[in-house]
Amino acid sequence: MRKAVWIKHASQLVTLASKLKGPRVKGAMSELAIIENGSIWLEDGIIQAVGTTEELEVFYTESEADVEIIDATGHLVTPGLVDPHTHIAFGGSREKEFEMRLEGATYMDIMNAGGGIHSTTRMTREATENELVIQTSKRLDSFLAHGVTTIEGKSGYGLDLETEIKQLRVMKRLQKEHPMDIVPTFMGAHAVPEAFKDREEDYVNLIINDMLPLVAKEKLAKFNDVFCEVGVFTPEQTERILEAGKSHGLIPKIHADEIEPYKGAELAAKVGAISAEHLLKTTEEGIQAMAEKGVIACLLPATALYLRETAAKGRRMIDAGVPVAISTDCNPGSSPTTSMPLVMNLACISMRLTPAESLCAATYNAACAIQMEDKVGSLEVGKQADVVLWNVQSYQQLQYLFGVNHVKTVWKKGLKVVG
């Protein structure tokens, strides 16, 4: 007999349903399409019906499925959260650098001393594929426990052909073995490896001539990301790498303007990037360029907090018409967290997003940033049955009661994976 799940009597069913296409901007980010006393029907991994509990009573009466009924009285129901920027597959950890930073060392000080990305690169190179699968799977479990059902995952801790491919294969394998949807991004241009010190152009050529063709041939990634930053990759090098990726069918993303204003946002607009990430130091010109070209600003307030930096200008970006998404930036050095609920709260406190905008940025707009909006990010008939039941009554409480994991139950493609 067919199996179905009927969630009914939700105090708020936040659907984010809309006739608008593409990422939402300005006032549309606050239109959550809430149904009070809401109800949703999950069957065959798909959302089959959405409405009030009374409306779905008819659906229940006519169904021949074996139905599990969930009474959501007094609870909030939302789409599964989407994290559009993580560095999920890596070896080891870097807790000692946390202490160094508290003693005064900067991000670039640590990196130039052989720590930072280079430290994780060494540990990731040493790890076997199976070891990386085990470590990454544990992180994915934690994401699910915090209500995240879809993530983007970047490579970038290999910085050589063999390990970059290993990271991407780990994510491809976990896409099959783990409930989480994982959208892979190639980021061989995360840093210049130590072996190429003072030979940066040689490494750029290695990425363009060797890495990108193999990634495309094996269909290991959907996106191509570059860390465009002073001391890492110049705007000119970044453009070459992203254009080369486009020739292989990889969609551009950019780590932009994180540490210094470097015209990364403007470059994202120029190359047609789907998103620009970080953006702590982006100028007004960069904000306007993103708004004009519809580049999604993927903002990472937990990273700013962890590095004790001023957060990105999320409020200004939304007011200027930039579509905004938010993310944990889960990584071992600057944001070792899997808590998107914390990130939503930080987006309100440090970037002045409203609770409604923050939820949109963590669901529908986040899905747009990884081209998954046709499947996830809102509760609409025909989409994947990715649903979270929360131990709060409203989306406002979800943002207000911070530092607590309010997840009660998570369904991924209609199957209960948490709770």
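**View 1. The two domains of the predicted model.** Domain bounds here come from an automatic or database domain assignment, and they are applied to a model that is predicted. On that basis the chain is divided into domain 1, which takes in residues 4–79 together with 378–418, and domain 2, which covers 81–369. The centres of domain 1 and domain 2, taken over C-alpha atoms, are separated by 29 Å.

**View 2. The interface of domain 1 and domain 2.** Where the parts meet, 32 residues of domain 1 are in contact with 34 residues of domain 2. About 2,600 Å² is buried between domain 1 and domain 2, and 67% of this area lies on carbon and sulfur atoms. Within domain 1, the residues that lose the most area to domain 2 are Met 29, Gln 399 and Lys 412, which together account for 26% of what that side buries.

**View 3. Salt bridges and polar contacts across the interface.** The rule finds 2 salt bridges across the interface of domain 1 and domain 2. Lys 412 forms a salt bridge with Asp 181, in which the closest N and O atoms are 2.9 Å apart. Between domain 1 and domain 2, the count of residue pairs in polar contact is 10, with both residues at pLDDT 80 or more.

**View 4. The side of domain 1 that touches domain 2.** The elements giving two or more residues to this side are the strands β7 (76–79), β16 (387–390), β17 (407–412) and β18 (415–418), along with the helix α16 (395–400). Of these, β17 gives the most, with 4 residues. The residues on this side of domain 1 divide into 18 nonpolar, 7 polar and 7 charged.

Conventions:
Residues are numbered from 1 along each chain as its sequence is written. This is a predicted model: local features need pLDDT of at least 70, side-chain atom pairs count only at pLDDT 80 or more; totals for chains, interfaces and linings use all residues. Side-chain values use heavy atoms; hydrogens and water are left out. Contact means heavy atoms within 4.5 Å. Buried area is the accessible area (1.4 Å probe) that two parts lose on being put together, summed over both. A salt bridge is a side-chain nitrogen of Lys or Arg within 4 Å of a carboxyl oxygen of Asp or Glu. A polar contact is a pair of N or O atoms within 3.5 Å; within protein, one must be able to donate a hydrogen and the other to accept it, and residues adjacent in sequence count only if both atoms are side-chain atoms. Ala, Val, Leu, Ile, Met, Phe, Trp, Tyr, Cys and Pro count as nonpolar, Asp, Glu, Lys and Arg as charged, and the others, Gly among them, as polar.
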